[in-house]
Amino acid sequence: MATPLYNLKVLTEFCAAHTLRDYPGNCARMHGHNWKVEVEVESSVLDNLGMVLDFKTIKQYAREVTEIVDHRYLNDLPAFQNQNPTAENIAAWFFKEMSERLSNNKGIQLKAITLWETDRACVRYTEN
Ligand SMILES: Nc1nc2c(c(=O)[nH]1)N=C([C@H](O)[C@H](O)COP(=O)(O)OP(=O)(O)OP(=O)(O)O)CN2
Ligand SMILES: [Zn+2]
């Protein structure tokens, strides 16, 4: 028999500025984006309400994380002092922050963070 697998997605967004150090082009100048973030959570188990985890809980965690970066100059933040605030590095940082918040919820895996930097370009970050 097939094992069920539920993949939940919550969307959030933040607005911030960044500079890509050593970038050979105009992204080396300070500029801003409205980043969109998709948080994917996965589980094969439902609770007594029939939920993997309340969307409200995932949204709350996602809001806590976006608060850290919203309306900031990302290069000023500790996470991006030693690495460029690229879409790749922001997605990996978001994954770490969300993992920590979700770690109290047994059987629930943070599957991926997809970070849209523009309408036409995104990175999807996962871990094995
Ligand atoms: N792999 C990555 N490539 C680029 C990143 C990144 O984080 N990872 N970031 C940038 C810059 O931040 C840039 O601001 C992104 O904008 P861009 O893709 O250039 O999109 P635009 O719409 O501004 O420009 P077009 O080239 O006209 O699409 C660059 N690359
Ligand atoms: Zn940029």
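**Note on the predicted model**

1. Apart from its neighbours within four places in sequence, V39 is in contact with K9, V10, I58, A62, M98 and I113, where contact means that the two C-beta atoms, placed from the backbone, lie within 7 Å. V39 also belongs to the largest nonpolar core, a group of 26 residues in which V39, A62, F94, M98, I113 and L115 touch the most other members. Such a core is a set of buried Ala, Val, Leu, Ile, Met, Phe, Trp, Tyr and Cys residues joined through C-beta atoms within 7 Å. Two or more residues of this core come from each of β1, β2, α1 (55-69), α2 and β3, and α2 gives the most, with 7 residues. In soluble globular proteins, nonpolar side chains tend to be buried together.

2. The model is predicted, and local features therefore require pLDDT of at least 70 and side-chain atom pairs count only at pLDDT 80 or more, whereas totals for chains, interfaces and linings use all residues. Residues are numbered from 1 along each chain as its sequence is written, while chains are lettered from A and ligands numbered from 1 in the order in which they are written.

3. For the overall fold, the chain has 2 helices and 4 strands, and they follow the pattern β-β-α-α-β-β along the sequence. Helices (H or I, at least four residues) and strands (E, at least two) are DSSP runs, numbered from the N terminus. Taken along the principal axes, the C-alpha atoms fill a box of roughly 55 × 25 × 25 Å. Among contacts with a separation of 6 or more, 66% join residues 24 or more positions apart.

4. Of the 128 residues of the chain, 23% count as buried. A residue is called buried if 20 or more other C-beta atoms, placed from the backbone, lie within 10 Å of its own, exposed if there are 12 or fewer, and partly exposed in between. W93, in helix α2 (residues 87-102), is buried because it has 22 C-beta neighbours inside 10 Å. The C-alpha atoms of W93 and A79 are 7.5 Å apart, although these residues are 14 residues apart in sequence.

5. An unreviewed UniProt entry annotates C27, H71 and E117 as "active site"; such positions are given in the numbering used here with shortened feature names, and the annotations may be inferred rather than shown by experiment. C27 sits in the loop between β1 (6-18) and β2 (31-43) and is partly exposed, because 14 other C-beta atoms lie within 10 Å. H71 lies in the loop between α1 and α2 and is exposed, with 10 C-beta neighbours inside 10 Å. E117 belongs to strand β3 (residues 109-118) and is partly exposed, because it has 18 such neighbours inside 10 Å. Neighbours within four places in sequence set aside, E117 is in contact with H33, W35, A87 and C122.

6. From UniProt (unreviewed entry) also comes a "binding site" made up of H18, H31 and H33. These residues are spread over 16 residues of sequence yet cluster in space, the largest C-alpha distance being 8.3 Å. Beyond its neighbours within four places in sequence, H18 is in contact with L74, N75 and P85.

7. The shell around ligand 1 consists of L20, C27, H31, T86, A87, E88, E117, T118 and A121, a residue being placed near a molecule when its C-beta atom, placed from the backbone, lies within 6 Å of it. Both α2 and β3 supply at least two residues of this shell. Its residues divide into 4 nonpolar, 3 polar and 2 charged, with Ala, Val, Leu, Ile, Met, Phe, Trp, Tyr, Cys and Pro counted as nonpolar, Asp, Glu, Lys and Arg as charged, and the others, Gly among them, as polar.

8. H71 is not a glycine either, and its phi is positive at about 55°.
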